Each structure stands twice: as C-alpha cells, then as structure tokens.
Amino acid sequence: MEWAGSILVVDDERETREMIVELLREEGVEARPAGSVDEALETLRQGRFEAVLSDIQMPGKDGFTLIRELRQRGAAIPVILMTSFGTEETAHEAAGAGAFDCLLKPFARSALLESGHRAFDARAEVDDPVTCP
C-alpha cells in the first residue's frame, strides 16, 4: 500500500522519535517530529496530517491529554498511542480515551506500519486531512 499524507510523531525521547520518523520516511511517509504535546498541537495547527503517533508517558502533558485536547478542538484525527509500560489496563484506558490503536514498545516495524496504514485508511474514509484549529 502506498502512503498518501503526513503523520506526526510525538515522543519526548529524541532518539526514539528520530528512529520512528526515519523508519516512516524510509516507507515513503511524510513524517514530522514533535517532542511534547504542546509542540505537537502547534505543529498540527501549522500543517495537515492524516494521523498522529504519540507516546503515552511524557513529562508534563501525556498522550491521553493530547487526545483530549484534539477532541476538544474538534479534530477527528486518528491517534495511535505507544508505551513502554503497557498492560491490559493501559490498552483499555487508551481505547476509552479515543485512541485509534495502542502499540507496546519495542514494537515490530510491521506492527507500526500496519497500524499506520489502518489509521490512514480510516482518515481517508472520513474526509480531508486534519488541520488542528
């Protein structure tokens, strides 16, 4: 499947963020990094994205807060959460918060790509890419 669009990668750990962005770019995805929820929201205001891939646990605002703030702004963009501390409870919390998917770090390249493709497909079914108000 061909990627058509952009994904925002949000993680406070620079090495992880850069590795994921590079992996996505190798697959032909336009991927942009953000190191925090506030940076992600600002980046979303400035560009168009089909999906967001965000770590859950970050200093200050977390991935759940990012989803809440996006929904409060009316953005229906799919958000894939990722965590190193995943449990069944975390997965339920992610689903309850409105996450499109939840990936446990370290995840296989194929798991990330599959989740990303599904998010892009879901976004395409809704309408045009999201610009965050």
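A residue is called buried here when its relative accessible area is under 20%, and the legends below apply that cut-off to a predicted model.

**View 1. Threonine 83 in strand β4 of the predicted model.** Threonine 83, which is found in strand β4, has a relative accessible area of 2% and therefore counts as buried. Leaving aside residues up to four places away in sequence, Threonine 83 touches Asp55, Ile56, Thr90, Cys102, Leu103, Leu104 and Lys105.

**View 2. The pairing of strands β3 and β4.** Strand β3, made of residues 51-55, pairs in the parallel sense with strand β4, made of residues 79-83, and four bridges join the two.

View 3. Five strands form an open sheet in the order β2-β1-β3-β4-β5, and their pairing is parallel. Because β2 (30-34) and β5 (101-104) each have a single partner strand, they stand at the edges, and one side of each is left without a neighbour in the sheet. On average, and with direction ignored, neighbouring strands of this sheet are turned by 20 degrees against each other.

**View 4. Helices α1 and α3 across the strands.** Helix α1, residues 14-26, lies across β1 (6-10), β2, β3 and β4, and runs at about 170 degrees to β2. Helix α3, residues 63-72, lies across β1, β3 and β4, and its direction is at about 170 degrees to β4.

**View 5. The buried face of helix α2.** In helix α2, which covers residues 37-46, the residues Val37, Ala40, Leu41, Thr43 and Leu44 are buried. Seen down the axis of α2, these buried residues fall within an arc of 165 degrees, so they line one face of the helix. An α-helix has 3.6 residues a turn, so residues three or four places apart point the same way. The partners against which the buried residues of α2 pack are β1, β2, β3 and α3.

**View 6. The setting of these close-ups in the whole chain.** The protein chain holds five helices and five strands, which follow one another from the N terminus as β-α-β-α-β-α-β-α-β-α. A compact globule of 133 residues would have a radius of gyration near 14 Å, and the 13 Å of the protein chain agrees with this. Of the 133 residues, 47% count as buried, and among contacts between residues at least 6 apart in sequence, 66% join residues at least 24 apart.

Definitions and conventions:
Residues are numbered from 1 along each chain as its sequence is written. This is a predicted model: local features need pLDDT of at least 70, side-chain atom pairs count only at pLDDT 80 or more; totals for chains, interfaces and linings use all residues. Side-chain values use heavy atoms; hydrogens and water are left out. Two strands pair if DSSP finds at least two bridges between them. Axes are lines fitted to C-alpha atoms, for helices over the stretch in contact, and angles run from 0 to 180 degrees between N-to-C directions. Contact means heavy atoms within 4.5 Å. Buried means under 20% relative accessible area, exposed over 50%, partly exposed in between (1.4 Å probe, protein chains only). The arc is that of the directions from the helix axis to the C-beta atoms. The radius of gyration is taken over C-alpha atoms; the globule rule is 2.2 Å times the number of residues to the power 0.38.
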